[in-house]
Amino acid sequence: MDEWDYSPLILASICGHENVVRLLLEKGSIVSRDTFEGSRAIYGALTDSIRTLLLSYDITKAVDVTQPFASHISALFQKPRFTTADLRIGEFCLNRFLLSSMSSYFQTTEIDLSKYSARSLQFLFEYIYLVPSLDLNAVKLDELRELAQVTNLTYMQIAVDQIVSQKTAADINKAKNIIQHTMYENARQKLKSLVSKIIDHHITKPLDIDLTNADKQKLLRSCNADLVFKVNIGSTSHYYPVHRAILSRAEYYLTLFVSGFHDTAIFEDLEQDGVVDLEKLYMEPELIPVISLPSSDTLEVSQETTEILLQYLYFDEASIPPESAMDTLVIADSLFLDRLKTMAAISLSSIDDFSTVNISVYDILRAAWEFKVHRLEDRVAHIIANQIESFIKDPEFKEVILESSSRISARQEFDTIELIDDIRFHLTKRYAIDQEGGTLDPTMTRVESEEYLERLQEYEHYIEEMDLILQDLGLNA
Amino acid sequence: MSNAWGVRGRTKIRPPKKIVSNEEDFEKLWVVIRNAIKEIQHKNASKLSFEELYRKAYNLVLRKQGKMLYDQVELTIQEFLLQDTRKELLESLETDDERVFLLKLNSVWEDHLLSMRMISDVLMYLDRVYAKEFHLPLIYDVGLTVFRDSVIKYNNNEIGMRVINIIIDYINKSRHGEIIDKFIIKAIIYMFSSLAETISMDSSDGVPYGENYYLRYFEPVLLRQSHEYFERQANDLLIQQSGTIYIENAMQLSQDEEARIQLYLPDVTSPKLIELMDNDLITRNMESIMKLENDGLKSWVNDNNFKMLASLYKLITRVDTELEMLKRQLRAIVLLNCEELNTKTKEELELLQKQAEDQEPDKKTKKRNSKENATQFAVRWIQNFLDLKEKYDLISKNAFDGNPGLVREIESSFAGFLNLDNKTAEYLSLYIDDGIKKSFKDKSQEEVEELLDKSIIVFRFIKDKDVFEKYYKNHLARRLLQQKTSSNDVEMNMITKLKQEIGSSFTSKFEGMFKDIKISQDLSSDFNVSIAGDEEIKRINGRKLELDTSILTTSFWPMPINKTLVEVQYPSELELLKLRFESFYNTKYSGRNLTWAPNFGTVDIRMHYPKKSYEVNMSTYAAIILLSCFNESSEKQEYTFEEIYNITRIPKPDLIRHLQSISVASRTRLLKKTPMSKDVNPEDVFSVNDQFKSPQTKIKVLTVSSGSKVEDDTQRSETMDAINKSRILETEAAVVRIMKARRQSSHQELVNEVIRQLINRFKPQPSFIKQRIEELIEKEYLARSEDARDVYHYLA
C-alpha cells in the first residue's frame, strides 16, 4: 500500500498492465468487490480484458449474500463462542442437526467413521461446516473419496476431483472459488429443508397453554433441536424446535445463551468434554428451555413474520413482502439483526401505492424515527414531495412536522427541521429546479422556457404553502 | 412454503403500538429490574430470567423512559457499592491483616465486574439505543466509574490511599528481599488501571484522555518512593569507595527491579521507572565511580579486568548510547598510559642493562654509549606502544563489544598523543631499521609479517607522513649502502605495505633507491671484467684490484652532494681505479655527472705482518689514510694529525673519527698513537703498529658512530628544517599545479584543494599556504584578479 492506499493490484489495474495484474492474481492477490480496495481495482480497470480478468478472481462474486451465514457456520466448527456441539466423532465436536441436514448418513444412529484418518475427517467436516480452505495437503485422496461415498456426500467427491484435476495454482484457486459457491448454495438448500421441517413439526396450542413433556420431547427429537421457540400469534401459542447454534447468529440470543442467567443454564449441566448430552435433555423434558421474542409484549407477530425470521437465521433467505416488513423491522431491531433490519426497510421503501396496504406514510415515518432507519425517512420525504398537493392539506402532516421538530432536544431557532429539509430537497428534484440559478456563461442570456417557468411557479407555491404551515405551528425553519 | 409470501387473509400491517409512557408503568417494570440488579449483586443471578429482564428494559426504552432507567440503574449500583461493599472493606481494613484486606478488595472488584457484565447484558437495548443516541457511557463503564467514586475515591480517596500505601510498602519490602504476594499486587494495579479518570474525549477538567486511577494516583507515589529508595541505595554504595562493589550492586539492583517491573507493574510505568532508576544509579554517580583511583576505570584498564569493564560498559549504555562519560574518562586514561610509555621504557632499559652487568660484571666496557641507548629506547618505545595498543584492542573487543564509538575515541586519543611531536616518526623508522638489520633475522616469515603489519598500525596514526618519509629514507639509504639489510624481501615487503597504505607516490623514491643498488651491482661486475687485463693497474699494485660502486641518483637519496669531498686526495691505486671507472661509466652513460662520495664506502686490504697476514675491511677513509701515509713507499714512519690531513684532505671531523677507529679501538689498533689517549688532537703522532695481533684472520674495522641512531635535539631541528623546506616546495608545486589546470580560482577553493592534495603527506596550515601563495605572486606565477581581491589568475 502506498500513501493513498493504492495496492499493487489497483495500480496495475488502472495503469493497464494486464500481465502484472495476472501475475499478482496468480500469486494470490485478493480482489473482492465487497471491499473498497477490490472495487477500486475492478471499476478503475483500464481495459475490459483486465476487468474480466479481475472479475474471474472476484472471491465475493456470488457468495456476498451468504457470507455472514457461511462464516457463522464455519465458526461453529472452528471457534465456537459457546458449546452447542452434541456429537463427537473422533476428536471433533459436531452438531448432529447440521450433519444430518447435509447427509442422510448422519441421520442414522449408527455412525462409525473410526477407520478413517483424522485428516480425512477434518476435510469432511470442514466441507460440511463451509470452511473455505478446501485444503488437500496431506490428505489421502483414495480414503477421502471413500469417505465421501460412505457419507453420501457426492458433491464433496466431485469437488475434490475438480481441485485435483487443476494444473496451475491460479486454476486451483479459481476452481475453489466455484466450489465454495456451490458449497454455500447446497448448504442453504439443505437448511431450507430443515426450516420446512421445523415449520411442519411446530405445535400450536391455545394462548399460553404450556407444552406437555411428551410434546416437548417429540418436538425436539424431530429436528435434533435443543430449544423450544415460542411465539404468540393471535390467540394461539406456536412452538418451534430450534437450535442454539443457529439462533446465536442474533446477538440478542448469543448474549442470552452466554450470560449465565437461568434461561438456558441447564446446558452447563449437560455439557461434558465439549459436547452437550441432548439425549439426557430429551429424557428430562421438563428441563427443556423455552425461549421467545423480546418484543412479545408489544408486538403481535404473524406466522409469516416468524417464518421470515427463521428463514433468515437458518439459511439467510430475506425476501420480505411489504405486509410483513414492519413487524420484521421491529423484531430485527430488538434482536440486533442489522442486516435483516435493512432488508425490512428496503421492503417498506418499495411500497408505492399505500391504498393497497393498510399503513400510512406517517406510520412508516414514525417507525423510521423509532428504529433509526434513515433510508426510510428519506423515502417518506420523497413520497410526500411527489404528492405534496394532497399532503399539504392533511392535518396529520402538520402533526408529523411538529414531531420532527421536537426530535431535536433543546431546539435552537436556527435548527432546521429534518423532514422539511428533506421534502424541500425532493421538491427541487420533482420540479427539476435549477438551484444554481443561471448558466455558467454570463454572456448567454438565459432563455426560460414557458414550461420551466410553470414548474418554477408550482414549486414556489408549495414551498410557500409549507412555510405557512410552519408559521402556523410557530416554527422557524 | 409456496404460500409463504402470498397475500393471505391478513394483509393489515400495523405500525408498532403507540405507547404512552407514564410513571406507574415505569415503576411496575423498574421494580423488577431493580430487584434483579440487587440479586445479581448478591450473586443470586442463577434464578433470574434473562428474557424477562431484557424485555422489561426493552419496553422501557421503547416507551422513551431510557433516561429514567439509565439514571436509576446508576443509583442502584451506587447504593450497593456505597452501603455494602465500601463498609465491608472499611471493616476489613480495621480488623484483617493487609493481605487479607487486599484479597477481599480484589474479590469484591471481580464480583463487581461480573455483576456489571450481567447487568449490562440485560440492559443491552438501553446501551445500544438510549446511551448511543445521547452519547453516554455504556452501563458497564458507568459501573466502573461508580466503583471508583463510591468505593476507592469516596471520602477523600480514603480506601484508595490506604491501598496505595499498602502496595508501595509491599514493593519496598520486596526490594529488601522479603517474599510478597505478587499476584495480589498485580491484580490491584490492574484494577486501578481499569478505573478510567476520563470517559469522554472532551476532558474539560484538564485530565488527559486515557488517564486512569493508576496513572493519576498510584504511579506518582510509586515513582517518588522509588527515587528515594534508589538514591539511598546509591549513596550507601558510594560511601564504600569501591567501583567493583558499586557496579556489581548497581547491576544486581537494576536486574532485580526489572524483574519486579515485569512481574507486576504495567508497561506504561516500566520506561519511567527504569529511567528514574538509571538516573539515580548510573547517570549521577558513574563518573565519580570511574574516577576512583584504586578501584575504578584506571585500575580495571591496567589489570585488563574485562569483567568489570564489560559491566561498566553495559551500565553506561543504559543511560547513554553515545557513552560520552566513558569516552571522556577513557581518553584521559589512554593519554596517561601513553605518557607513562617514556618512563616505562627507560626503566625497562635500565633494568636490562643492570641484568647484563650482573651477568657479566667484568665486561664493563660493553656499556653502551648514550646514542646507542637512545636507539634502543626508540625501538623499545615503539614496541611498548604496540603492546599498549594491543591491550586496548583487547579491551574494546572483550569488554566493550567492539563499540565503534569507543574504538574511535581510543584511536583518536592515540593519534593525538603520537602527533604531539615528530619523535614518533623517527622512532618508528628506527624500529623498522632495527628489525630489518637485526631482530628479524631469527624470526619466521609469519612473525616478520606481523611485525611489519604492526609498524603499519603506528604509521597510520602519524599525521605528517613526510617526516616519516625523511627518516625512513635516511635509514634505508644507510642499510643499502652498508649492506646491513638482512633480507631484500623484507625491505620490499615493507615498501609494498607502505604503498598499499598511502599510494605509490610515497614509495617511489624508496623503490628508486633499490633500483640504483641493483644496477650498480651489474655495472661493477662489468667494470671489473673490463679492467681484468689492465696493465697499468697491474703495474701499480702487482695484485688484483676490484671496485664495487654504488651509483646513486641524487634525487632519490637523502645524502646531499658534499662539495668538500672533491678535495679528498686518493692514493695512487684508488686514484687510478677512480679514473678508469669514470671513463668506463662515460662510455656507458654519456652526459651524466659522477660525484664521488668516499665517506660511504669500504675497502678490503690484505695486510702482511711478520707472523701472520690479515684481511682487513675498513672504511674508504681509513684505507686512504693507510695507503697514502703508511705505505711501503712512504717517506716517513710517523705522521702528525695535521700532516695526515694535509696529505688526504679528508674533512677533519671525519678524519678524527676514522683515526680513532684504527688507532684507539683495541681490536683494530693498526696504528700507534702518541700519546695513547682517546681523543685525537692536532699534535698527535701516528705510526704503524708492528705488534698488531688478532685471533681472527678477517678483521672488520668498526667506524665510530656508524649505523642509525636516534637524533639529538640539534639534529632533529635540522631534520625539521629540511622537512620544512621540502614542504615549502611541495606546497608551491601543488599551488602551481592546481592553478595551471584551473587558470583561475578563489582563495578558499585553492586552499582547500591544496590541503586535499597534500593531506596524505602532511596537513598544511592555511596560513602556511597563504604565505606560499604570496610568495608565488611575488615570483609572478600568480596574480590577484583586479575584480575580486580573493581570486587568483595563473600567469603562464
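Analyst: What follows is a walk through one sheet of chain B.

This is a predicted model: local features need pLDDT of at least 70, side-chain atom pairs count only at pLDDT 80 or more, and totals for chains, interfaces and linings use all residues. Residues are numbered from 1 along each chain as its sequence is written, chains are lettered from A and ligands numbered from 1 in the order written, and side-chain values use heavy atoms, without hydrogens and water.

The sheet is open and has three strands, in the order E7-E9-E8 of chain B. Their pairing is antiparallel. Strands are DSSP runs (E, at least two residues), as helices are (H or I, at least four), numbered from the N terminus. Two strands pair if DSSP finds at least two bridges between them.

The edges are E7 (744–746) and E8 (782–784) of chain B, each pairing on one side only. On average, neighbouring strands are turned by 25° against each other, direction ignored. Axes here are lines fitted to C-alpha atoms, for helices over the stretch in contact; angles run from 0 to 180 degrees between N-to-C directions.

Now the pairing of E7(B) with E9(B), residues 791–794. Three bridges join these antiparallel strands. One bridge partner is B:His793 in E9(B), which faces B:Gln744 in the pairing.

Two helices come next. Helix H28 of chain B (713–742) packs on the sheet and touches E7, E8 and E9 of chain B. Contact means heavy atoms within 4.5 Å. The direction of H28(B) makes about 85° with that of E9(B). Helix H30 of chain B (766–778) also packs on the sheet, touching E8 and E9 of chain B. Its direction makes about 100° with that of E8(B).
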